[in-house]
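I am opening my notebook on a structure that is new to me. I will look up a few places and write down what I find.

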Amino acid sequence: MEIGIDKIGMYTPNQYVDLVELAIHRKIDPDKFTIGIGQDKMAVAPLSQDTISMAANAAAQILSDADKAAIDLVILGTESGVDNSKAGALYVQRLLGISNKARVLEIKEACYGATAGLQFAKLHIAQNPKAKALVIGSDIARYGLDTSGEVTQGAGAVALLVAANPRILALDMRSAYYSSEINDFWRPLDQLIAEVDGKYSNEAYIKFFQMVFEDYQQQTGYQLSDFAAMVFHLPYTKMGLKALRKVLDQTDAAHQDSLQQHYQQSTLYSRRIGNIYTGSLYLAFLSLINNDMTLQPGMRIGLYSYGSGAVGEFFSGTLQGNYLDMLDPMHYLEMFENRTKLSIAEYEAQFKKQLTPGIEAQKLITTDLNAPYYFAGIQAKQRQYKAGAKSV
Ligand code: HMG
């Protein structure tokens, strides 16, 4: 029995910062951001979108009523959750009307949480082949104004429906993982912005990739030439390329070119959104399959997940026969086209407001037509979520 990704949906907020404008404002050469880092735009979450509403919006896009009845596992991977105790996935379950006969939880390990959820879901479906599992990665990445990490901020969520006989990507049962307690990136409990040792985090990302890719090759006997494309967790789009380049010499020149061309297709969405932490690897996968018309069913895709702190995992899957039928690339083109550009002053003002969230009795609204759900404010210390302009 094959198990894997049957449906995939994404949501990102409807406002962004142009990174050339940000570079000029910060007195930095724009080429550093667009070429050196590889980012063009950065999504900015308004106060009315948090990890829960973004997760619900990503999942609402793909789930049918039959899916909602069949789902018996909901996992939210997030590192920017809104409660120290209660799983954000419980709100998502209620908002979307997913069956109460479901196991519902949240997983945290930096950007790796959604991958942990996906592996959990894969084993769950192996034991319960008629069930379906919903795995979502949802995050807001914040490093702070005028920091070196600022250009790598972003916001968004990716939802995966995991099932037997998947129609998009069948996952191999094997995977290779490595973990070690390191201080490359972390976020103390009393902070909404991350602490990061940027250069060290880059090194750790690459080192972990080399270790898990080698381990995976030893476990499976696959050569680099067996992979049509490799997708990476993308904290910024240059990062995955740096890792890919470390192994490219394992294959011939033509395949090296092909892997790099596929890689570019996998970065198109991240370039316009930024780092969405837990969902980022799956955003790269969605960008690849929505934009790369040279891919064919049966091709093997490698996936590298990295969460600071740190855990790395490499796994792979094969594209399924009618995977194109499961996609809606126009939806995302429209989503990008309908975003509003914030001035740097507007972005900075919003950013500062986000650092003092949770104001009691604040009444938030939304005008985002792609957001069926939004965060409406806090009453009696309880978070309120509402259906928005395009209710499902
Ligand atoms: P920085 O010090 O501002 O940048 O930090 P830099 O000086 O290293 O320059 C970056 C690149 O731009 C370099 O290229 C420069 O040469 C180039 P590289 O050598 O890397 O190929 N450059 C230029 N290119 C063209 N024209 C120019 C120009 N000037 C310079 N004029 C850094 C960059 C990414 C470290 C910083 O933004 C940061 O700390 N970001 C956050 C941390 C991060 O993203 N780490 C990635 C790995 S860890 C990870 O992925 C986990 C994470 O997602 C968190 C989680 O797991 O939850 C972050």
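How far is a nitrogen atom of the ligand from an N or O atom in the side chain of serine 201? I looked it up in this predicted model. The distance to the serine 201 side chain is 2.8 Å.

I stayed with the ligand. Glutamate 79 places a polar side-chain atom 2.5 Å from a ligand oxygen. For lysine 242, an N or O atom of the side chain is 2.2 Å from an oxygen atom of the ligand. I then looked up the area. The ligand alone exposes 1100 Å², and the protein buries 76% of that.

Next I turned to aspartate 72. I found it in strand S4, which covers residues 71–77. Aspartate 72 is buried, yet it has no salt bridge. The nearest side chain of opposite charge belongs to arginine 103, 7.5 Å away. A salt bridge needs the atoms within 4 Å. I did find a polar contact of 2.7 Å between the side chains of aspartate 72 and histidine 124. Beyond its sequence neighbours within four places, aspartate 72 also touches other residues, including Lys101, Ala102 and Lys132.

My last entry is lysine 341. It sits in strand S15, residues 340–341. Is lysine 341 buried, partly exposed or exposed? I noted it as partly exposed, because its relative accessibility is 39%. Its side chain makes a polar contact of 2.6 Å with the side chain of glutamate 21. Among its other contacts outside four places in sequence are Tyr16, Asp18 and Glu346.

Notes: Residues are numbered from 1 along each chain as its sequence is written. This is a predicted model: local features need pLDDT of at least 70, side-chain atom pairs count only at pLDDT 80 or more; totals for chains, interfaces and linings use all residues. Side-chain values use heavy atoms; hydrogens and water are left out. Helices (H or I, at least four residues) and strands (E, at least two) are DSSP runs, numbered from the N terminus. Buried means under 20% relative accessible area, exposed over 50%, partly exposed in between (1.4 Å probe, protein chains only). Lys and Arg count as positive and Asp and Glu as negative; His and the chain ends are not counted. A polar contact is a pair of N or O atoms within 3.5 Å; within protein, one must be able to donate a hydrogen and the other to accept it, and residues adjacent in sequence count only if both atoms are side-chain atoms. Contact means heavy atoms within 4.5 Å. Accessible areas come from the Shrake-Rupley method with a 1.4 Å probe; for residues, only the protein chains shown count as cover.
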